[in-house]
Amino acid sequence: MIRIMIDSGSEYLPKEAQAKGIEVLPIVTNVGGNDYRDGFDLGRDEFFELLEETGQFPTTSQITPHVFAEKFKEALDAGDEVIAIILSSALSGTYQNACMAQAMVGNEGIYVIDSLTATYPISIMADYAAKLRDEGMSAAQIVEAIEELKGSAKVIAMVDTLEYLQRGGRIPKAAAKIGEAAKLKPVISVTEKGDLAMISACLGRKRAFDTIMKQLESIEIDDRFPVYAIYSYGIKNCERLEVRLQEAGISVTERRQIGYVIGSHIGPNACGVVYVEKKPKKGGIKAFFRK
């Protein structure tokens, strides 16, 4: 059997993933000295409410090599192979820890993939891997297919507030105050190297949505894969974006919520789109922030 493992940077809720034969390993998020696991402890709305109430910036703990090694060894002892698709190495050390664990238990039958992305593009890769597994492909064949897919699975989103970027030390406090006063709405994406990056700092939500739509109009979406409208906490902005998508003839498969790991950085009222690009075009977006 082939086991597919992902971490909670994929946003996949454990019960939902389990139904597809995918295992989610939680990245622990600490707020005020208390640990929370996305999908296990607090609901996502409750988590964002906790951040608003405490005013604290959460910290995240990487999944340790020991945890990965235990999971890998368990699979090997059962005669199974493992494909682990991990949050971008440019955003977290979790991928490096998975590679360390792979070396600890032996490389045979263990495949570790650096997704070079974050949030729901990882879940799209995991779903695709599960589909190919269920169709009878070998682990090596699936890994090759995921490596080919991963550069095409994209996310683009609007950040509605600069407060959380400032809390996390991504931008200076003075710059955040000026940006908030000017109603700046950053539009962010992920670079080919796996960094979160700012495409544009837009004056107001309408211009931010215009930027997102312009980006989507410049590419061809692969309709073999789902299109997700995503949001953090509060759906009004996401609903507005969905209207724009519908007007452009882009069919949204489902609306999905951003979890603890990325949500901690972007805060409430963020929204965006996850899709697979049919014909990827190389872009030169600069790195925005790195964990």
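1. Two strands pair if DSSP finds at least two bridges between them; strands (E, at least two residues) and helices (H or I, at least four) are DSSP runs, numbered from the N terminus. The model is a predicted one, in which local features need pLDDT of at least 70 and side-chain atom pairs count only at pLDDT 80 or more, while totals for chains, interfaces and linings use all residues. Residues are numbered from 1 along each chain as its sequence is written, and side-chain values use heavy atoms, without hydrogens and water.

2. Strand β3 (residues 28-31) pairs with β4 in the antiparallel sense, over four bridges. Within this pairing, Thr-29 stands opposite Tyr-36 of β4.

3. An open sheet of three strands has the order β4-β3-β5, with antiparallel pairing. Its edge strands, β4 (34-37) and β5 (59-61), each pair on one side only. From one strand to the next, the twist averages 35°. Helix α2 (residues 44-54) packs on the sheet and touches β3 and β4, contact meaning heavy atoms within 4.5 Å.

4. Helices α9 (residues 205-217) and α10 (residues 236-247) pack with axes 11 Å apart, at an angle of about 45°. Axes are lines fitted to C-alpha atoms, for helices over the stretch in contact, and angles run from 0 to 180 degrees between N-to-C directions. The angle therefore makes α9 oblique to α10, a term for what remains once angles under 35 degrees (roughly parallel), over 145 (roughly antiparallel) and 65 to 115 (roughly perpendicular) are set aside.
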